[in-house]
Amino acid sequence: MKLKQRVVLLAILLVIFIFTKVFLIDNLDTSAANREDQRAFQRMLTGLRVALDPRLEHTLQSPWEIAAQWVVPREVYPEDTPELGAVMHAMTTKKIVKADVGYKGTQLKALLILEGGQKVVFKPKRYARDYIVEGEPYAGYDRHNAEVAAFHLDRILGFRRAPLVVGRFVNLRTEIKPVATEQLLGTFMTVGNNTCFYGKCYYCRETEPACADGDIMEGSVTLWLPDVWPLQKHRHPWGRTYREGKLARWEYDESYCDAVKKTSPYDSGPRLLDIIDTAIFDYLIGNADRHHYESFQDDEGASMLILLDNAKSFGNPALDERSILAPLYQCCIIRVSTWNRLNYLKNGVLKSALKTAMSHDPISPVLSDPHLDALDQRLLSILATVKQCTDQFGPDVVLVEDRMTLSHL
């Protein structure tokens with residue numbers, strides 16, 4: 001063989017060797033990442049049941065101090081939370097030392113201070129579990145049980161971006177009224193034999209109070225995030241106009257996502273992928289009301305989109321509002337870790353996992369069966385949407401690696 005032919009042959013073999021090595025390394029890396037996603041999923045399933053047990057491993061700390069230390073820029077609580085049950089037990093049993101109106105927002109709520117100085121937001125029961133909220137997907141009062149279910153779905157999806165929520169029964173006469181501010185107390189009334197209040201908010205009306213069963217009111221309590229983590233409010237780029245006949249740009253502009261990608265904080269960092277995660281989360285729970293969202297202040301787009309205020313969810317199990325998924329099908333990108341988790345939840349696993357996660361809540365059963373069934377059906381729609389994207393653009397474009405090492409110091 002001539003020298004020139006030998007050189008060409010060696011060059012070809014070298015190219016093949018390099019290509020093979022790169023291909024194998026990439027596959028090994030991908031397999032390692034997938035294996036870690038699988039292990040994380042199994043850990044989540046193992047820790048699904050949260051028994052409300054008051055015992056703490058760190059007896060020198062209060063449950064409020066433990067929960068405050070969990071918060072970091074990309075998580076509200078860590079993956080490994082052996083004391084989650086103790087914190088939630090405290091949320092549902094600690095004495096209420098002060099009760100006030102919850103001014104911000106459009107819906108009725110109360111701000112409670114629990115023993116030890118911890119703030120929680122109380123949302124009262126307005127509907128029976130099997131009540132169907134008709135009309136627009138954002139219609140009706142807030143659903144307290146939706147907050148509980150959404151928190152546990154956040155755990156199951158592995159996002160860990162929702163503040164802790166648990167159901168609680170309160171006696172309005174003996175627990176709330178004696179410690180209520182004048183502003184809140186002035187909204188109390190009696191309807192028949194039931195104690196009621198209407199609070200103060202944009203849509204709060206004396207003619208539309210929330211009423212207890214006698215004096216006992218069912219509701220949800222959401223743990224207030226630590227004051228050292230102030231929040232910043234942002235307009236959601238896929239928010240609705242809430243005006244009949246007036247469409248938002250994303251509702252008619254097929255290239256809208258391209259414009260979003262050119263604006264801060266969506267032009268770099270994790271925020272756009274957080275928006276897409278949130279669209280998936282909201283579609284599953286039926287929440288079409290995320291017109292704004294919160295992140296931690298001065299984060300330059302690096303912190304997470306916090307999954308606050310999920311109560312406009314689980315209103316109508318028969319309504320699948322596809323427009324909630326617009327960030328996903330318009331941008332056609334999704335985190336690999338989110339994609340893997342969604343696939344692990346197929347074939348009824350999601351319904352079963354959520355039912356198990358909520359089983360120890362004081363207001364269990366949290367959701368009716370039609371809502372649980374709807375979750376599994378909506379999951380299939382999400383998977384089909386991603387497949388359409390991969391068919392059109394290829395998995396290398398659609399499936400995006402975005403793994404961040406988190407520190408709990």
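**View 1. Cys-196 stands opposite Cys-211, a residue of strand E7.** Welcome to a predicted model, in which local features need pLDDT of at least 70 and side-chain atom pairs count only at pLDDT 80 or more, while totals for chains, interfaces and linings use all residues. Residues are numbered from 1 along each chain as its sequence is written, and side-chain values use heavy atoms, with hydrogens and water left out. Strands (E, at least two residues) and helices (H or I, at least four) are DSSP runs, numbered from the N terminus. Strand E6 (residues 194–197) pairs with E7 in the antiparallel sense, over two bridges; two strands pair if DSSP finds at least two bridges between them. Three strands make up this open antiparallel sheet, in the order E5-E6-E7. Its edges are strand E5 (188–191) and strand E7 (210–211), each pairing on one side only.

**View 2. Arg-173 meets Asp-215 side chain to side chain.** Arg-173 belongs to helix H5 (residues 172–176). Its side chain makes a polar contact of 2.9 Å with that of Asp-215. A polar contact is a pair of N or O atoms within 3.5 Å; within protein, one must be able to donate a hydrogen and the other to accept it, and residues adjacent in sequence count only if both atoms are side-chain atoms. Leaving out residues up to four places away in sequence, Arg-173 touches Pro-178 and Asp-215, where touching, or contact, means heavy atoms within 4.5 Å.

**View 3. Asp-289 carries the "active site" annotation in an unreviewed UniProt entry.** UniProt positions are given in the numbering used here, with feature names shortened, and annotations may be inferred rather than shown by experiment. You will find Asp-289 in the loop between H8 and strand E10 (292–296). Is Asp-289 buried or exposed? With a relative accessible area of 18%, Asp-289 is buried; the cut-offs are under 20% for buried, over 50% for exposed and partly exposed in between (1.4 Å probe, protein chains only). Beyond its neighbours within four places in sequence, Asp-289 is in contact with Tyr-138, Tyr-242 and Lys-312. The side chains of Asp-289 and Tyr-242 are joined by a polar contact of 2.6 Å.

**View 4. Tyr-242 and Arg-160 are non-glycine residues with positive phi.** Most residues other than glycine have a negative phi, and most peptide bonds are trans. Tyr-242, with phi of about 60 degrees, sits in the loop between strand E9 (231–235) and H7. Tyr-242 is partly exposed at a relative accessible area of 33%. Arg-160 also has a phi of about 60 degrees, and its place is in the loop between helix H4 (144–157) and strand E4 (165–171). Arg-160 is buried, at 16% relative accessible area.

View 5. Pro-365 is found in the loop between helix H11 (349–358) and helix H12 (369–393).

**View 6. Asp-274 is a buried residue of helix H8.** Its relative accessibility is 0%. Which backbone nitrogen does the side chain of Asp-274 reach? That of Leu-305, at 3.2 Å. Setting aside residues up to four places away in sequence, Asp-274 touches Arg-74, Arg-161, Ser-303, Met-304, Leu-305 and Arg-335.

**View 7. The largest nonpolar core has 107 residues.** A nonpolar core is a set of buried Ala, Val, Leu, Ile, Met, Phe, Trp, Tyr and Cys residues joined through side-chain atoms within 4.5 Å. The members that touch the most others are Met-91, Ile-156, Leu-164, Ile-176, Trp-238, Ile-280 and Leu-284. Helix H8 (residues 271–285) supplies the largest share of this core, nine residues. Domain 1 (42–47 + 63–223) and domain 2 (231–400) each contribute at least three residues; these bounds come from an automatic or database domain assignment. Contacts of Leu-164 beyond four places in sequence include Trp-70, Met-91, Phe-151 and Val-221.

**View 8. Helix H10 (residues 336–344) is largely enclosed by the rest of the structure, because seven of its nine residues are buried.** Among the buried residues of H10 are Trp-339, Asn-340 and Arg-341.
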